[in-house]
Amino acid sequence: MTVPKGPQVTFDLESVSSPARVANPDEGISADELQLAARNHGMPLESLRWDITPPGLHYLLIHYDIPAIDPSAFELVIDGLVDTPLSLDLESVKSRPQVSSIVTLECAGNGRAQLLPRPVSQPWLSEAVGTARWTGTPLAGLLREAGIADGAIDVVFTGADHGIERGLEQDYQRALPVSEALSENVLLAYEMNGAPLLPQHGAPLRLIVPGWYGMAHVKWLRRITVVPEAFDGFQMRAYRLRDTPEEPGLPLTRIEPRALLVPPGFPDFMSRRRVVRSGAVALEGRAWSGWARITMVQVSLDGGDSWEVADLEPALDSHGWAHWKWMWHAEPGTYLLSARATDASGRTQPLGQRWSRGGFANNTIQTVPVAVISTEMSLWGL
């Protein structure tokens, strides 16, 4: 007797998880990229008016699915090259010393969709940023409690989010050198802006690494492992500055300086082009850097041909953004507004496009087209 065979299935991994690529010269945003943009969102730039970004307006990037984690069943494991492995529930984490820090987070791919050629991925413009007050316990205290053994090189952080990326099934994992992990600024955070973390922001526990791009701030944290070698997981290889797929590239770490301005006036619905009435107009925004404090913000009305120095206020925290302001006596016409930040390390934003294969660390200056109309002119009825 012959046993009937079921349908033959050929699994084509590339149909599920395709390799990284760069868009063709005339290629528009794909349905896959649009789907990513619908799941992840940038911060509306008018939110730059607030010192602290409300959680629902803070930028969001989720690599895989949002895990549903029961806080009462949560367990954080600290293991690997340690003297005393730890297993902690959420209340045990919260019982450790508590600190709060205002930290600006920015996605490493911010500005990617403006690059030519365009790396195909989450199509960020310039809104992948936000600033929050994070509350938690310093990671260094727990690492000292566990006791880092001799020979430790990296500390690996594993999230509960799981998926496939570029053909590799994985948990989301990133690592920090031991010296960085022992910085008193690095937090295991369980609150955002004075409230428990929301699911999309990593509840019940996430890592906060002030000054580093967002890929380092592992969400839904469940395991911390000390290892005797440099960790070479997928997310460590993916987030590198390279011009071609073959070269090893440079690792992404700290945030390059950037200034953004609150779009002045009011927008067109579709294009978001700005209309401003003539007269005194306060141009304002925020500036930040992961390397050093911001020392200067300049404003341009002509796309970077000439610059004026703005008034700069001190940041509320050493790892948060600084507020800047400049008064503009706007006359009717068309303008291209820009802002440029410089930090105490001497880094400043470039006028030209900063390109990399992954679309990372692109801190080219923002440009905002503005049409100034006479104060007496009315657009009602148009």
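Mentor: Let us begin with a term: a residue counts as buried when its relative accessible area is under 20%. Keep in mind, too, that this is a predicted model.

Trainee: With that cut-off, what percentage of the 382 residues in the chain is buried?

Mentor: Buried means under 20% relative accessible area, and the share is taken over the 382 residues in the chain. Counted in this way, the buried residues make up 47%.

Trainee: How many aromatic pairs does a search of the whole structure find?

Mentor: Rings of Phe, Tyr and Trp pair if their centres lie within 6.5 Å. With that criterion, the search of the whole structure finds aromatic pairs numbering four.

Trainee: How many residues apart in sequence are the parts that the pair of Y239 and F360 ties together?

Mentor: Y239 and F360 form a tilted pair, with 5.1 Å from centre to centre and 35° between the planes. Y239 lies in the loop between helix 6 (234–238) and strand 11 (240–241), whereas F360 lies in the loop between strand 21 (333–343) and strand 22 (368–373). Both Y239 and F360 are buried. The parts that this pair ties together are therefore separated in sequence by 121 residues.

Trainee: Are W288 and W321 buried or exposed, and with what relative accessible areas?

Mentor: W288 and W321 form another tilted pair, at 5.9 Å centre to centre with 55° between the planes. W288 belongs to strand 16 (residues 279–288) and W321 to the loop between strand 19 (311–312) and strand 20 (322–330), so the pair ties together parts that are 33 residues apart in sequence. W288 is buried, with a relative accessible area of 2%, and W321 is buried as well, with a relative accessible area of 3%.

Trainee: Over the ring of which residue does the charged end of R340 sit, and over the face of which residue does R347 lie?

Mentor: The charged end of R340 is 4.3 Å from the centre of the ring in question, which belongs to W307. For R347, the distance to the ring centre is 3.8 Å, and the face over which R347 lies is that of W291.

Conventions: Residues numbered from 1 in each chain as written. Predicted model: local features only at pLDDT ≥ 70, side-chain atom pairs only at ≥ 80, totals over all residues. Heavy atoms only, no water. Phe/Tyr/Trp six-rings, centres within 6.5 Å; stacked < 30°, edge-to-face > 60°. Helix = DSSP H or I, 4+ residues; strand = E, 2+ residues; numbered from the N terminus. Buried < 20%, exposed > 50% of the residue type's maximum accessible area, 1.4 Å probe, protein only. Lys NZ or Arg CZ within 6 Å of the ring centre and 35° of its normal.
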